[in-house]
Amino acid sequence: MGAFGGGVASSGNVCGILTGGVALISSLYSKGDLEEKDDPRMWRLSYKLFKHFENLTESFGGINCRDIARLNWSDREATRDFYRNPESRRKLCTQLVGDFAFKLGEILDQEHLKNP
């Protein structure tokens, strides 16, 4: 899961927070082999999580890491500053991780209550 950081392999693309959350839901609800059917909860819950992430990141201008962190991950000096400078946008990313994790837990808890 570590390679989701920086927008999947530091590409700046889709934020690793979102892909990690969808990966978790998929690991819980995806089929075990090719003969099984997909559990529809996988798609429904992933979409719900995606829509929440879109709302969370609207003020950043998108769901991509480059929009949120505003960082060129291939620039080593800028990346060092992102991690070392307490005033960098990393604090926004950290807050986003917390908000997203809370919603992910909420979504999974609600689903468990409906379908124990």
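**Helix packing and core**

Reply: This is a predicted model. In it, α2 and α5 pack at an angle of about 150 degrees, and their axes are 11 Å apart.

Me: Which term describes α2 relative to α5, roughly parallel or roughly antiparallel?

Reply: Angles over 145 degrees count as roughly antiparallel, so α2 is roughly antiparallel to α5. The crossing of these two helices is right-handed.

Me: Which residues make that contact?

Reply: From α2 the contact takes R41, R44, L45, K48, L49, H52, F53, L56 and T57. From α5 it takes L96, D99, F100, K103, L104, I107, Q110, E111 and K114.

Me: And how do they divide by class?

Reply: The residues of the contact of α2 with α5 comprise 8 nonpolar, 3 polar and 7 charged.

Me: Now α1 and α5. What is their angle?

Reply: Helices α1 and α5 pack at about 20 degrees, with 10 Å between their axes. Angles under 35 degrees count as roughly parallel, so α1 is roughly parallel to α5. Here, too, α1 passes α5 in a right-handed crossing.

Me: Which residues meet there, and what is the breakdown by class?

Reply: On the α1 side are I17, L18, G21, L24, I25, L28 and Y29. They meet C93, L96, V97, F100, L104, L108 and E111 in α5. By class, the contact of α1 with α5 has 12 nonpolar, 1 polar and 1 charged residues.

Me: That leaves α1 with α2. How far apart are their axes?

Reply: The axes of α1 (residues 16-29) and α2 are 9 Å apart, and the helices pack at an angle of about 165 degrees. That angle makes α1 roughly antiparallel to α2. The crossing of α1 past α2 is right-handed.

Me: Who contributes to the contact?

Reply: Helix α1 supplies I17, L18, G21, V22, I25, S26 and Y29, while α2 supplies R41, M42, L45, S46, L49, F50 and F53. Sorted by class, the contact of α1 with α2 has 10 nonpolar, 3 polar and 1 charged residues.

Me: What does S46 touch?

Reply: Not counting residues up to four places away in sequence, S46 touches V22, I25 and R41.

Me: On to the core. How many residues are in the largest nonpolar one?

Reply: The largest nonpolar core has 22 residues. Those with the most contacts inside it are I25, F53, I68 and A69. Helices α1, α2, α3 (65-69) and α5 (90-114) each supply at least two residues of this core. The largest share, 6 residues, comes from α5.

Me: What is A69 in contact with?

Reply: Leaving aside neighbours within four places in sequence, A69 is in contact with F82, R89 and C93.

Me: How accessible is S10?

Reply: The relative accessible area of S10 is 39%. This value lies between the 20% limit for buried and the 50% limit for exposed, so S10 is partly exposed.

Me: And R70, what is its phi?

Reply: R70 has a positive phi of about 50 degrees, although it is not a glycine. R70 is in the loop between α3 and α4 (76-84). At 52% relative accessibility, R70 counts as exposed, as the cut-off for exposed is over 50%.

Me: Finally, the whole protein. How many helices and strands are there?

Reply: The protein has 5 helices and 0 strands, and its pattern along the sequence is α-α-α-α-α.

Me: What about its dimensions, and how much of it is buried?

Reply: Along the principal axes, the C-alpha atoms fill a box of roughly 50 × 30 × 20 Å. Of the 116 residues, 30% count as buried.

Me: And what share of the contacts join residues at least 24 apart?

Reply: Among contacts between residues at least 6 apart in sequence, 55% join residues at least 24 apart.

Definitions and conventions
Residues are numbered from 1 along each chain as its sequence is written. This is a predicted model: local features need pLDDT of at least 70, side-chain atom pairs count only at pLDDT 80 or more; totals for chains, interfaces and linings use all residues. Side-chain values use heavy atoms; hydrogens and water are left out. Contact means heavy atoms within 4.5 Å. Axes are lines fitted to C-alpha atoms, for helices over the stretch in contact, and angles run from 0 to 180 degrees between N-to-C directions. Helices (H or I, at least four residues) and strands (E, at least two) are DSSP runs, numbered from the N terminus. Angles under 35 degrees count as roughly parallel, over 145 as roughly antiparallel, 65 to 115 as roughly perpendicular and the rest as oblique. A crossing is left-handed if the near helix is turned anticlockwise from the far one by less than a right angle, and right-handed if clockwise. Ala, Val, Leu, Ile, Met, Phe, Trp, Tyr, Cys and Pro count as nonpolar, Asp, Glu, Lys and Arg as charged, and the others, Gly among them, as polar. A nonpolar core is a set of buried Ala, Val, Leu, Ile, Met, Phe, Trp, Tyr and Cys residues joined through side-chain atoms within 4.5 Å. Buried means under 20% relative accessible area, exposed over 50%, partly exposed in between (1.4 Å probe, protein chains only).
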